[in-house]
Amino acid sequence: MADDDLLEKVHSLSDLELAILLCLVNREHVLISTPPAAVDDLVQELQLIASKTFNLQSVVVNCHPSTTLEDFACALLLQPQHPSLPIAKRTSRSVSPFARADSYFALGSQPNNQHRSSTPLSPRTTTPFSTSPQIAHFVIAKNLDRAPRVVQIQALELLRTRRIFTRTSVQAAPKQFVFVPVLGAASGGEAHVTAHLNDFFSVAHWHNPDDGYVNLDEVEGRSDAGDETASTESVVKKDTTPSIALVSDIEISHLAKLSQEVQIDVDILRYQMNIVSFLRMHRAVAGGISPAATKHLHQLVKSLAPLHKLDFVTPALVGLAVRKVYLHRIRITEPEKERSMQWGSQLEAVEALLEDVGPEEVIEEVLEMVTAPL
């Protein structure tokens with residue numbers, strides 16, 4: 001079981017940081033979405049999470065319809081002298097004090113972002129920048145859904161083989177490696193990339209701008225308090241000294257070991273499989289309930305347990321994991337292809353039934369229908 005100091009750190013993390021932490025624990029990757037107008041702020045927040053929370057070197061890959069394979073491969077690499085990235089001035093936002101149903105701590109303990117500065121830091125040896133280009137530990141693929149299909153397939157090959165070919169060499173991904181597409185969408189269920197790549201992402205996370213940007217707000221707060229005339233860019237440049245990670249590699253490895261030791265009762269396993277079956281049979285679902293998703297679901301419920309100081313899986317953890325694993329995978333069927341149309345249903349009735357139904361609604365409906373074990 002995780003010690004109290006580690007749990008205190010984990011409980012101080014924001015939901016964005018927890019999503020990244022779970023990926024590091026499981027050596028998986030996460031798809032993150034937000035309203036299109038907030039994509040830039042989210043990218044900047046993720047850069048700060050990489051450096052401040054996990055002390056990982058990050059790069060941003062800006063994707064667009066004319067992105068080439070060479071552009072994509074080169075953008076993944078850290079250059080010998082990694083410049084500090086400017087952070088634009090924003091309107092300050094406050095963090096919502098209310099836990100949501102899809103929060104990683106919806107069971108009762110909400111991340112306490114007000115006490116981040118008082119949380120003890122873990123020692124970690126800082127890795128210096130290399131003298132030759134190498135793949136970054138933390139890759140943020142901005143607007144990956146806009147990239148050509150061939151580029152998205154190349155991203156899948158990178159995640160599958162953990163290496164990529166350039167014109168002059170073969171680059172291997174580092175041991176600690178997270179690939180994070182950041183997509184603009186109206187909701188988490190509408191954020192997708194190419195089908196096979198989409199299914200490779202273990203979890204999805206929807207970030208509401210109203211929930212705030214903990215690290216970005218902290219940087220801007222220092223700028224305002226220190227010098228009213230100083231720009232945010234100058235503050236970031238002064239703050240380039242390697243920092244100590246809030247969550248160290250040793251602690252991540254410890255959480256991974258604890259997750260492997262988590263026990264799942266047969267009733268809980270049956271509950272998981274019932275949810276998967278109901279999702280597959282739901283009349284609004286056209287696809288996305290794949291074997292890979294089932295594997296990721298099993299993996300996530302086990303890694304969530306140590307974060308709640310448990311060595312076993314509860315039904316509440318299963319429900320939380322389902323919301324994260326299937327959010328980006330579920331595809332809503334077209335009314336013309338809904339199965340009851342084969343038996344004489346009226347198209348107008350089916351269209352009315354499927355109106356405003358998305359992955360979020362399907363998941364909540366299934367969780368209500370499947371009886372949780374006592």
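The model is predicted, so local features need pLDDT of at least 70 and side-chain atom pairs count only at pLDDT 80 or more, while totals for chains, interfaces and linings use all residues. Residues are numbered from 1 along each chain as its sequence is written, and side-chain values use heavy atoms, leaving out hydrogens and water. Helices (H or I, at least four residues) and strands (E, at least two) are DSSP runs, numbered from the N terminus.

**Helices α10 and α11**

- Helix α10 spans residues 266-281 and helix α11 spans residues 291-307; they pack at an angle of about 145°, with axes 11 Å apart.
- Axes are lines fitted to C-alpha atoms, for helices over the stretch in contact, and angles run from 0 to 180 degrees between N-to-C directions.
- In contact (heavy atoms within 4.5 Å) are L269, Q272, M273, V276 and R280 of α10 with P291, T294, L297, H298 and V301 of α11.
- The contact of α10 with α11 has 6 nonpolar, 3 polar and 1 charged residues (Ala, Val, Leu, Ile, Met, Phe, Trp, Tyr, Cys and Pro are nonpolar; Asp, Glu, Lys and Arg are charged; the others, Gly among them, are polar).

**Helices α2 and α11**

- Helix α2 (residues 15-26) and α11 have axes that come within 10 Å and cross at roughly 115°.
- This makes α2 roughly perpendicular to α11 (65 to 115 degrees; under 35 is roughly parallel, over 145 roughly antiparallel and the rest oblique).
- The crossing of α2 and α11 is right-handed.
- L18, L22, V25 and N26 of α2 meet Q299, L300, S303, L304 and L307 of α11.
- By class, the contact of α2 with α11 has 6 nonpolar, 3 polar and no charged residues.
- L18 is buried at 0% relative accessible area (buried is under 20%, exposed over 50%, partly exposed in between; 1.4 Å probe, protein chains only).
- L18 and L304 are 286 residues apart in sequence and 10.0 Å apart in space, C-alpha to C-alpha.

**Aromatic rings**

- There are 2 aromatic pairs (rings of Phe, Tyr and Trp, its six-membered ring, with centres within 6.5 Å; planes under 30 degrees apart are stacked, over 60 edge-to-face and the rest tilted).
- The rings of F179 and F201 are stacked, because their centres are 6.3 Å apart and their planes at 20°.
- F179 is in strand β8 (residues 178-184), and F201 is in the loop between α6 (195-200) and β9 (203-206), 22 residues apart.
- F179 is buried at 0% relative accessibility, and F201 is buried with a relative accessible area of 0%.
- F72, F179 and F201 form one aromatic cluster.

Key: A crossing is left-handed if the near helix is turned anticlockwise from the far one by less than a right angle, and right-handed if clockwise.
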